[in-house]
Amino acid sequence: MARGKRQDVWEFFGDLLKERREGAGLSQGELGGRVFVSGAYIGLFEQGIRKPQLDVAKRIDEVLQTGGIFERTWRKLIDKSPYASYFHAVAELEAVATKICEFTPTVVPGLMQTGAYARAVTLAVHPFAAEAYVEEKVTSRLDRAQILQSTTRPEYWVILHENAILTPVGGPAAMAEQLDHIAALIRNRWALVTVLPREAGAHAHMTGTLKLMEFEDQPPTAYTETEFSGTLLDDPAVVKQAQRAYDLLRVAALSPEASLARIESAAEDFRRCASTT
């Protein structure tokens, strides 16, 4: 389902929620209190800006006595999502985050990927996939990245392990384009990127990626991902540990200026390699 159409259906979800809530004579705050979220959250659901978790949709059904309509609608929308089941909630949270901090040890984060890079990553994981599947994955990733150019874009901090900028994903030409894109994000001040050099050795997050998100109206979350699964974390003590790990990574990374120089140098090396092949 196209992104615009999915958004239209989430707006229908919000309109239906407002209609049923008002029919029950409840304010946003009253309904929020009964389903254990804030009234402001209910307002975001009704505007189609924020998508509820499944457990919240179920509680709304219980409180409003809707016969499960919100759970069924939620499941139908999630089934049509282009994202892996464990990543869907993360993609929705990215869209409303005020600050996103990422660390990736081997690949460029999805929010920074070019089409050629995203395609190469998708084919590496799904070498027998149909072309329509590959295109859907690439398109959904590029759609996510639009938040970095929106008027309400979050602060976006990224720590890239040097492995991520030296691995020729998609070949030298595609990698040069990818690194040029990262440099452009930095120069446009849409992202603050630092590089964790190989010579730093052992570091504070040795397995998988780490993403931290902050919001206007809710506690921060952390997300960790390995090859085949991801975990969204909201326990305050665990999120605090993740934030500490990110702080340690930041200390070990190069300065923004040195990082940009290393990214641009790697791009030039890939460009030279591409011109000789």
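Trainee: How many aromatic pairs does the rule count here?
Mentor: This is a predicted model. Rings pair if their centres lie within 6.5 Å. By that rule, the count of aromatic pairs is three.

Trainee: Is the pair of F13 and F70 stacked, tilted or edge-to-face?
Mentor: The ring centres of F13 and F70 are 5.2 Å apart, with 70° between the planes. Planes over 60 degrees apart count as edge-to-face. So the F13 and F70 pair is edge-to-face.

Trainee: Which helices does the pair of F13 and F70 tie together?
Mentor: F13 is buried at 1% relative accessible area, and F70 is buried at 0%. The two are 57 residues apart in sequence.

Trainee: Are K211 and E94 buried or exposed?
Mentor: Buried means under 20% relative accessible area. K211 has 3%, and E94 has 2%. Therefore K211 and E94 are both buried.

Trainee: Which helix holds both D247 and R250?
Mentor: Their side chains meet in a salt bridge at 3.7 Å, N to O. D247 is partly exposed at 42%, and R250 is partly exposed at 30%. They sit three residues apart, about one turn, in helix α11.

Conventions: Residues are numbered from 1 along each chain as its sequence is written. This is a predicted model: local features need pLDDT of at least 70, side-chain atom pairs count only at pLDDT 80 or more; totals for chains, interfaces and linings use all residues. Side-chain values use heavy atoms; hydrogens and water are left out. Rings of Phe, Tyr and Trp (its six-membered ring) pair if their centres lie within 6.5 Å; planes under 30 degrees apart count as stacked, over 60 as edge-to-face and the rest as tilted. Helices (H or I, at least four residues) and strands (E, at least two) are DSSP runs, numbered from the N terminus. Buried means under 20% relative accessible area, exposed over 50%, partly exposed in between (1.4 Å probe, protein chains only). A salt bridge is a side-chain nitrogen of Lys or Arg within 4 Å of a carboxyl oxygen of Asp or Glu.
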